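Let's take a walk through this structure together. Please have the sequence and the 3D view open as you read.

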Amino acid sequence: MTAAPLHDLPPHHTDAARDADRALREHAEQARHWHLADLFAEDPRRFETLSLHAGGLLVDISKQRLTADTLEKLRALAAARGLDTWIRCLFEGGEVNWTEGRAAMHWRLRQPPRPQGEPDPVQEQLARMERIVKRILSGQWRGCEGDAITDVVNVGVGGSDLGPLMASVALHENHPREGRRPRVHFVSSMDGSQIAPLLDELNPATTLIVVSSKSFTTVDTLSNAATARCWLEQAFPKMNGAVLRCHFVGVSAKPERMSEWGIHEDNQLLFWDWVGGRYSLWSAIGLPIALTIGMDGFRELLAGANEMDRHFQEAPWEKNLPVLLGLVDVWNLNFLDITARAVLPYDGRLKHWPAYVEQLEMESNGKSVDRDGEVVDYHTCPVIWGEVGPNAQHAFYQLLHQGTQPVACEFLAAARHGRRNGNSAELQPLEEQHILTLANCLAQSRLLALGDRALAEDDGTPTHKRYRGNQPSTTLLLDELTPRHLGALVALYEHKVFVQAVLWGINPFDQWGVEMGKKIAKDMIQVLESGAGADGLDASTRALAAYVRERQPD
Ligand code: F6P
């Protein structure tokens, strides 16, 4: 599939865009003096005006420092930047990733099958993946000594780790309809600190390694994969090819590199250059998700995302969730100068959501050069960090409530827990814990927005006990944390990132900023091993390298 050229795209800098920008700046001058407590007091219908429900998600932006008028002005900016044409271009397979000369078609992976007879490489790979999943779940996939697989280790990093890890943990309560699922483990860090203790626990006879790497050149992944291979070859010294055949699956866009490494052709799952790494959980990179929740669950995840794709293309901007969230972030960053965002899931199942969002947003939009090759003179992506909300309350909420910096907060929770499996499913206290968690979520966003004005009774409260509020937030409530709702949520974020990139005039689909680091780290290995090349280094790095060298065993 080749990318269609970009067509009919308006230039980034137009008179209309400049006018829209100026109108927003003037508007922001007033907005700087607003307090959320006043905005709520003045408009009893604020929630109705500033919340939306679609795809099983309720999005409430009424605790953002904006009004309906602000949104209209932001939509004018989006129109002037040609957002409608860009959306069309994305879904027509246009070359939206212009620095790498390709389309970004992750949405293609969640389209329903084409009419009978039409060749469809996406469905072919999905069917291959399904066969592998079924063989593992049914116990037909055997290790080299004939044992069924009990443990699967996903070896990958970045998009080949964070998406499948986040979704597998989030949906762990959803069991496959058929068969028995293996335990699924994730190994990403290159230092061996994850894989070493894991291998100590696992039985090589019943372990399957999934080497996940779009490029199949990432050193982090290849070094962990080599360690796993060594472990298996030591366990079965006489088995030769059977170790690779029975204990390794590869997922990549580069089949020839998988073959070269030793992954048997039957065990290779493919995806394509037009799927960005951080947008790849919908491809065979999602194998660990499918092993956790079964293929039916995985297809539900795809269906939820596809529903959001259609919503993004069809809903008018007033009711379009990705457009709305993209505009809110642009308002906060570029007009209210709020340069940090905290991602706060009130649900332990979503504990990897912050890390997933950090990569999706900061690797996509942490850019400063526009389509014309010019360095932009405005901020692009905010600094994003996060933690499970209730734990973060005991860590960094102090700064959110009483620190000196504005931080845009993002609360995420499931309205209903829907616990169905496990011995604990019937425990009443667990239901109470769910309500307790939601109570904390709502209480925190309320206090952050309103401050203690509405709450404190005594005017004599000393200043160190006061809460000034006006910290803006969005609350996203999933009706329930199901595969379908999670699919919609992830697709919502992917498209939101695209909306922001269009407004900022940057390419969200490349990541040139990580290349140089990889290259110079390679040269540094030599410096540390033999000292060669140290003379050309800066004084700090040279001294640190010498310090490390002095402490290596002979
Ligand atoms: O960090 C750079 C990056 O290329 C990410 O974009 C990607 O998700 C990750 O490395 C892993 O890449 P690969 O899947 O090719 O091993």
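Predicted model: local features only at pLDDT ≥ 70, side-chain atom pairs only at ≥ 80, totals over all residues.

Residue numbers start from 1 along each chain as its sequence is written.

Begin with the open sheet, where six strands follow the order β1-β2-β11-β10-β8-β9 with mixed pairing. Strands here are DSSP E runs of at least two residues, and helices are H or I runs of at least four, numbered from the N terminus; two strands pair if DSSP finds at least two bridges between them. β1 (51-54) and β9 (383-386) stand at the edges with a single partner strand each, so one side of each has no neighbour in the sheet.

Now look at β10 (residues 408-416) and β11 (residues 473-480), which run parallel and are joined by seven bridges. Here F411 stands opposite T475 in β11.

Two helices deserve a look next. Helix α14 (residues 353-365) lies across β8 (340-345), β9 and β10, at about 170 degrees to β9. Helix α17 (residues 428-450) packs on the sheet, touching β10 and β11, and makes about 150 degrees with the direction of β10. Angles run from 0 to 180 degrees between N-to-C directions, with axes fitted to C-alpha atoms, for helices over the stretch in contact. Residues are in contact if their C-beta atoms, placed from the backbone, lie within 7 Å.

Finally, L162, G163 and M166 in α7 meet W353, A355, Y356 and Q359 in α14.
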